[in-house]
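The questions below go through one structure, a predicted model. Each answer ends on the item asked for.

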Amino acid sequence: MNAITPRFAVVGHPNKGKSSIVSTLSHNDAILISRRGGTTTRASAYPVSTATSGFELIDTPGFQRPTQALKWLKKHAGSADQRSRAVQLFVSSEGCQKKFPDEVEILTPLMKGAAILYVVDGSRPYGAEYEAEMEILRWTGRASMALINPIENEEYVTAWESALAQYFRLVRVFDPMQADFDKQISLLEAFAHLQPTWQSSLYRLISDLRQQKVDIVEECATILGDLLEDLCSHEYRQKALNKSQAKALESIVAQIYKDWMQQREKDAFEKMKTVFTFNHSELEVESMDYPPQLFDVEHWYAWGLNKRQLLTFAAASGATAGAVVDAAVAGQSFMLGALGGALVGYGGALFGGDRLTKLRVKGLPLGGYEACQGPARDKNFPFVVLGRFVNLFSQLKNRSHAKRGQVKVQNIELFSRIEKLAKPQKKALTTAMDRLSKQKTVTSLAKTVLPFLHTID
């Protein structure tokens, strides 16, 4: 980091969400976050680099003895022009380092040029005890912005805005748990106006971050394209000595096939997590509050399309309606009629995931037999894969890195989102899905699914 690299020290009372803000703005889920005060005891720098720029966030401990520290400073500064020098003396004093270790940790990066992001809790009332620490920060002479973090609610936000405006030129309400990309960018834009010497760096940074967002979606489109091709074309073969032995292998072959498919989907999800830089959080695929597994066919209505929707897209892609109605799995008509969001009764038409594909026993040219499982030929299967992937994509795209824990399932309305596409894009996507169900090659599948990912807010 060079001299003109923007550096922001995130400071304030203990347990006001400072580490959460650092985690969100740096897109770093490795930063320890706790509701217990005092988790951060030393100042830690988190550099963020982009193609042409970068910035640095510094997580600091909370103020512990601001009133006493301010008294010390006042003894060493007789006038306003001496205040910055007094703060410098404070951080370099061995006595202060021992007596005020937390305040020294907070002020040291400020005296080295970092700007101030002062954090308060908007769900707790304003009190005069905060004025000592705000006054100390004002003595540093550094550019500053106050962030009101509504940890539990916004009950006291108005009072905080009034008080903070007396100490800081910029005051913003910022919830690190809910802040999407645009809200994060707005902070950087605001600071670009506040600190003219950083404007060029910050504007390049903002441009780089916007391009990164575009690149991430394109990477996810590639991951999705590869996943669709692999899951729709995969089959497993096991040689046997005779026909009866091959038939006896049905359950084993089916399980190996299913395990491979589920692992392949999991690997794609993990790769998408990495693209979104969720590398250290507890967001694990196995522990997600995620609907049924890929092969839980009775719940496919939550992911794919219903019969009417399949017929609609069959017409759009040029497939015959009869081919869709006749789509058979294990010799049975397999259509999911999730009309009005509910699963209607189909009797024997719904069966376990192990019957998604039919075991085939083939004789081999040089003798012996082969038990084959897959590929999945159901017309709805590519849409199910698409729906499951996009559900997780929609969660990660706007998920704050400060937010830990499980991903919650949301209704992505697959059909209505596909309908939002321009007519050529919709036809390209539905045609690709139809070809995948027939195990036919789809050229540039990543480019075909990319416009659909762009419909995800």
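Q: How many residues lie between S10 and S11 in the hairpin that they form?
A: In this predicted model, strand S10 covers residues 360-363 and strand S11 covers residues 369-373. The turn of the hairpin includes Gly-367, with a positive phi of about 105 degrees. The number of residues between S10 and S11 is five.

Q: Which residue in S11 stands opposite Lys-362?
A: S10 and S11 pair in the antiparallel sense, over four bridges. Opposite Lys-362, S11 places Glu-370.

Q: Is helix H6 mostly covered or mostly uncovered, and how many of its 11 residues are buried?
A: Helix H6 spans residues 130-140 and is mostly covered. Buried here means under 20% relative accessible area. The buried residues include Ile-136, Leu-137 and Trp-139, and also Glu-133 and Glu-135. The cover over them includes strands S1 and S4 and helices H2, H3, H5 and H7. The count of buried residues in H6 is nine.

Q: Which element gives the most residues to the lining of the second largest cavity?
A: Two elements give two or more residues to its lining, strand S3 (54-59) and helix H8 (181-194). Among the lining residues are Phe-55 and Leu-57, along with Leu-187, Leu-188 and Phe-191. With three residues, the element that gives the most is H8.

Q: How many charged residues are in the lining of the second largest cavity?
A: The lining includes Phe-8, Leu-25, Leu-117 and Met-145. By class, it has nine nonpolar residues and no polar ones. The number of charged residues is likewise none.

Q: With which residues is Phe-389 in contact, leaving aside its neighbours within four places in sequence?
A: Phe-389 belongs to the largest nonpolar core, of 45 residues, where Phe-389, Met-272, Phe-393 and Ile-418 touch the most other members. Elements that give two or more residues to this core include helices H9 (199-233), H11 (250-275) and H14 (381-397). The contacts of Phe-389 are Cys-220, Ile-223, Leu-224, Leu-227, Phe-269 and Met-272.

Q: How many residues are in the other core, which lies apart from the largest one?
A: Among the members of this other core are Ala-69, Val-104, Ile-136 and Ala-146. Ile-136 is also one of the buried residues of H6. The size of this core is 37 residues.

Notes: Residues numbered from 1 in each chain as written. Predicted model: local features only at pLDDT ≥ 70, side-chain atom pairs only at ≥ 80, totals over all residues. Heavy atoms only, no water. 1 Å grid on protein atoms, 1.4 Å probe; cavity = no way out; pocket = protein on both sides within 12 Å on 5 of 7 lines; lining within 4 Å. Nonpolar A, V, L, I, M, F, W, Y, C, P; charged D, E, K, R; others polar. Core = buried A, V, L, I, M, F, W, Y, C linked by side-chain atoms within 4.5 Å. Buried < 20%, exposed > 50% of the residue type's maximum accessible area, 1.4 Å probe, protein only. Contact = heavy atoms within 4.5 Å. Pairing = 2+ DSSP bridges.
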